[in-house]
Amino acid sequence: MLLLDELEDRLEFEDDWLNDELDEAIDDLLFFEEEREDELEFENDWLNFGGPSILPGCNTALVKDGFIAARKSVKSAINLLNRISSSNKTTEKNKWNNDRRFVRWFGTYHKKGVKRLLRRYERIRSIMYSPRLKIKCGKLKTNRANPITKTAVLGRNYKSYPYSELVVTIIHEIGHIVLGGVDFREHTEKALCLAKKRPSLARVNLDNLSYFAVEVGGINGV
Ligand SMILES: [Zn+2]
């Protein structure tokens, strides 16, 4: 029995350690991307803000409305994260644990996680204010994004999505433009599961980021 306990402890320790390592590696990758992007466009775009171009072929009113809700949601996520963030780890951890939305979408508290989440949402928000952002409505079924042309593409079925799902999709695809192209798990159930089992991946998984924002933003349906 003693041996088993010891083994369990050790496994748990290694799991934490692996999560931390993974977080660092992801952070490094994002950092390079961020630096390059920042140099290229950040300054000018804040000055020239005009919102994204919604390309012909879209239901402009619906996409515009969804985009505004998406931006509002991301802003709400940033505000909430700022509100709980504290230099005192215990305070921060308590606030995290007392808001089921954090636990639901991002799992257990992680001390560097709050700052990293903030940075990711801020990246998403910055591109949402860029006139270089384009939203296109494609003929294919899949939603996708092109980071080079800064285009988020909604698949042909977007008009039949529940509204909250449309907003989630807009955040998700715009997220790919600034945070890269990996989806660890997609859709609600899998995102919830990821939060429980692999919080470090949940914190970079775009569906977790998007669902959290939409729930905090008060968009109905999540
Ligand atoms: Zn994706």
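Serine 53 has lysine 134 as its bridge partner in strand S2. That link belongs to the pairing of strand S1 (residues 53–54) with S2 (residues 134–137), which is parallel and has two bridges. Strands here are DSSP runs of E with at least two residues, helices are runs of H or I with at least four, and both are numbered from the N terminus. Two strands pair if DSSP finds at least two bridges between them.

A word on the model before going on. It is predicted, with local features needing pLDDT of at least 70 and side-chain atom pairs counting only at pLDDT 80 or more, while totals for chains, interfaces and linings use all residues. Residues are numbered from 1 along each chain as its sequence is written.

Now follow the sheet onward from S2. Strand S4 (residues 151–154) runs parallel to S2, and four bridges join them. Here are the residues that stand opposite each other:

| Residue | Opposite residue in S4 |
|---|---|
| Lysine 134 | Threonine 151 |
| Isoleucine 135 | Alanine 152 |

The whole sheet is open, with four strands in the order S1-S2-S4-S3 and mixed pairing. S1 and strand S3 (144–146) are its edge strands, each pairing on one side only. Helix H6 packs on this sheet and touches S3 and S4, and its direction makes about 145° with that of S4. Such angles run from 0 to 180 degrees between N-to-C directions, and axes are lines fitted to C-alpha atoms, for helices over the stretch in contact.

H6 (residues 163–179) also packs with helix H5 (residues 113–128), at an angle of about 100° and with the axes 9 Å apart. The two helices are therefore roughly perpendicular, the term for angles of 65 to 115 degrees. H5 brings Arg120, Arg123, Ile124, Ile127 and Met128 to the contact, and H6 brings Ile171, Ile174, Gly175, Ile177, Val178 and Leu179. Being in contact requires C-beta atoms, placed from the backbone, to lie within 7 Å.

Helix H7 (residues 188–197) has Ala191, Leu194 and Ala195 as its buried residues. These cover an arc of only 100° around the axis, so they sit on the same side of H7; the arc is that of the directions from the helix axis to the C-beta atoms. Glu189, Lys196 and Lys197 are exposed on the other side of H7. Buried means 20 or more other C-beta atoms within 10 Å of the residue's own, and exposed means 12 or fewer, with C-beta atoms placed from the backbone. The buried residues of H7 pack against helix H4 (100–106), helix H8 (199–202) and helix H9 (206–216).

How values were computed. Angles under 35 degrees count as roughly parallel, over 145 as roughly antiparallel, 65 to 115 as roughly perpendicular and the rest as oblique. Two residues are in contact if their C-beta atoms, placed from the backbone, lie within 7 Å.
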